Amino acid sequence: MAKATKEGKNSKPRVKISFFKALLILIGADLVLLFAPKYGMLNGAFIIGDGISWSALVIGLALLVAGFKGLYRKE
């Protein structure tokens, strides 16, 4: 059996994940799942107004977009 040749360096750079951006993604996803109008978990259990539901949904989607925008950083 022939031995495999060793590579000098890994050609792919390491990727770091920003903790703050990951936290924004988690908070945004929770807001969307809890307060989505007609389908959210809290709307099924309690009577929550449409204004609160739609504003929480928009804020949650904005947090998701902001979190995914700069999540990965190259070293």
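UniProt positions are given in the numbering used here, feature names are shortened, and annotations may be inferred rather than shown by experiment. This is a predicted model in which local features need pLDDT of at least 70 and side-chain atom pairs count only at pLDDT 80 or more, while totals for chains, interfaces and linings use all residues. Residues are numbered from 1 along each chain as its sequence is written, and side-chain values use heavy atoms, with hydrogens and water left out.

**View 1. The overall fold follows the pattern β-α-α-α-β along the sequence.** The protein has three helices and two strands, where helices (H or I, at least four residues) and strands (E, at least two) are DSSP runs numbered from the N terminus. Of the 75 residues, 23% are buried, a term that stands for under 20% relative accessible area, with exposed meaning over 50% and partly exposed in between (1.4 Å probe, protein chains only). Among contacts with a separation of 6 or more, 67% join residues 24 or more positions apart, contact being defined as heavy atoms within 4.5 Å.

**View 2. The unreviewed UniProt entry places "transmembrane region" at residues 20-40 and 52-72.** Residues 20-40 are 76% helix and 0% strand, with their end C-alpha atoms 25 Å apart. Residues 52-72 are 86% helix and 5% strand, and here the end C-alpha atoms lie 32 Å apart.

**View 3. Helix H1 (residues 19-35) and H3 have axes that come within 7 Å and cross at roughly 155 degrees.** H1 is therefore roughly antiparallel to H3, given that angles under 35 degrees count as roughly parallel, over 145 as roughly antiparallel, 65 to 115 as roughly perpendicular and the rest as oblique. The axes are lines fitted to C-alpha atoms, for helices over the stretch in contact, and angles run from 0 to 180 degrees between N-to-C directions. The contact includes Leu24, Gly28 and Leu31 of H1 and Ala56, Gly60 and Leu64 of H3. Its residues divide into 16 nonpolar, four polar and one charged, with Ala, Val, Leu, Ile, Met, Phe, Trp, Tyr, Cys and Pro taken as nonpolar, Asp, Glu, Lys and Arg as charged, and the others, Gly among them, as polar.

**View 4. Ala56 lies in helix H3.** Ala56 counts as buried because its relative accessible area is 11%. Leaving aside residues up to four places away in sequence, Ala56 touches Leu31 and Phe35; the C-alpha atoms of Ala56 and Leu31 are separated by 6.2 Å, although the two are 25 residues apart along the chain.

**View 5. Val65 belongs to helix H3 (residues 50-69).** Val65 counts as exposed because its relative accessibility is 59%. Val65 and Lys21 are 44 residues apart in sequence and 9.9 Å apart in space, C-alpha to C-alpha.
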